[in-house]
Structures are given as structure tokens and as C-alpha cells.
Amino acid sequence: MGALDYLSNFCTVTSTRSKRKPMQTVEIKVKMDCDGCERRVKNAVTKMKGVKTVEVNRKQSRVTVSGYVDANKVLKKVKSTGKRAEFWPYIPQHLVYYPHASGAYDKRAPAGHVRNVVQAYPASNAPEDNLVSIFSDDNVNACSIM
């Protein structure tokens, strides 16, 4: 068998197929009013190549697509149904340090969610940085014991 495996390496045909997209989950905010809107969006996305699952939540105006797809192509396909669509702009409230920062709170957001904005996260000057600067030679008000 060793000789056959060796010879089969020379006879294999290498294909120039492009690599498959990575498995990912795309969340999109779509305004849907009725069952017809929901069905139209779901059917459009389900027919795409590489889509494994499609979940539609009309109450939250949310479409979740899982599969080997490109996020921008999914968004474009949803927009082609005539609906206004954007990537899901909300994150769970418990992941944010300052959920009531300006721009983070959105009264149209689903319960327990806030907008994903930079102001909702703490500043980069962590307490460890402040402790290091107390004993710095550049600080004129450094420790008076020294």
C-alpha cells in the first residue's frame, strides 16, 4: 500500500477552488410589520448559498443568519426585498459599563439592550496607570517623602 499512496500523490488533480468563507452569524435589524414581510425576508435570505439557519424575530425587528456567508451580501439581499435594513446596532446592557451614556441609551432598543457606542466603555486611563504616575520622576507633586 505504501507504493500506491506514493504514486497517487503524483496523480491527484489539484483544484483551484476558492476557500470557503468562515462560519459566522450575521444579525440584521429589519423593520417588519406583518407575516408577509417576515416571510419575504426569510425566503430571500434562505435561498442564498451557504446559509444554514435563518431566525426571524418580528417583535425585535431582528434577523439572525448563520452559515458560510458574507455579512455585506446578506445585508444587500435583505435590502433587495424593499425593507430598510442595517447591521444589528445593539448589545446586551450587562456588557456595557455606562449604559446611560449619551448615545448609548436608545428607547427604541429591545428590552435589556443598548447601542454599541464608544462612550459606553471606560476610558483607557485605568487606575493602574494613575498609580504608576504618582511615583514618576516627571511628576513634580510626587511623593513628598522622597
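**Cysteines, loops and overall fold of the predicted model**

The sulfur of Cys-34 lies 3.4 Å from the closest cysteine sulfur, that of Cys-37, which is too far for a bond. The model is a predicted one, and the distance is a value computed from its atoms. A disulfide is a covalent bond between the sulfur atoms of two cysteines. For a pair of cysteine sulfur atoms to be assigned as a disulfide, the two must lie within 2.5 Å. Because the sulfur of Cys-37 has its closest cysteine sulfur, in Cys-34, at 3.4 Å, Cys-37 is likewise too far away for a bond. By this rule, the number of disulfides comes to zero.

The two cysteines can also be described by their accessibility. Cys-34 has a relative accessibility of 35% and therefore counts as partly exposed. Cys-37, in contrast, counts as buried, because its relative accessibility is 6%, and buried residues are those under 20%.

Cys-37 also provides a reference point for a residue elsewhere in the sequence, Gly-82. These two residues are separated by 45 residues in sequence, while their C-alpha atoms are 9.5 Å apart in space. Gly-82 is situated in the loop that joins α3 (71-79) to β4 (85-87). With a relative accessible area of 66%, Gly-82 is exposed, since the exposed class begins over 50%.

Ser-61 is placed in the loop between β2 (51-57) and β3 (62-67). The relative accessible area of Ser-61 is 17%, so Ser-61 is buried.

These residues belong to a protein with four helices and six strands. From the N terminus on, the order of the elements is α-β-α-β-β-α-β-β-β-α. Of the 146 residues of the protein, 28% count as buried; Cys-37 and Ser-61 are among the buried residues.

Contacts and surface complete the description. Among the contacts in the protein with a separation of 6 or more, 55% are accounted for by residues 24 or more positions apart. The accessible surface of the protein comes to about 11300 Å². Carbon and sulfur atoms contribute 53% of that surface.

Terms used:
Residues are numbered from 1 along each chain as its sequence is written. This is a predicted model: local features need pLDDT of at least 70, side-chain atom pairs count only at pLDDT 80 or more; totals for chains, interfaces and linings use all residues. Side-chain values use heavy atoms; hydrogens and water are left out. Helices (H or I, at least four residues) and strands (E, at least two) are DSSP runs, numbered from the N terminus. Buried means under 20% relative accessible area, exposed over 50%, partly exposed in between (1.4 Å probe, protein chains only). Contact means heavy atoms within 4.5 Å. Accessible areas come from the Shrake-Rupley method with a 1.4 Å probe; for residues, only the protein chains shown count as cover.
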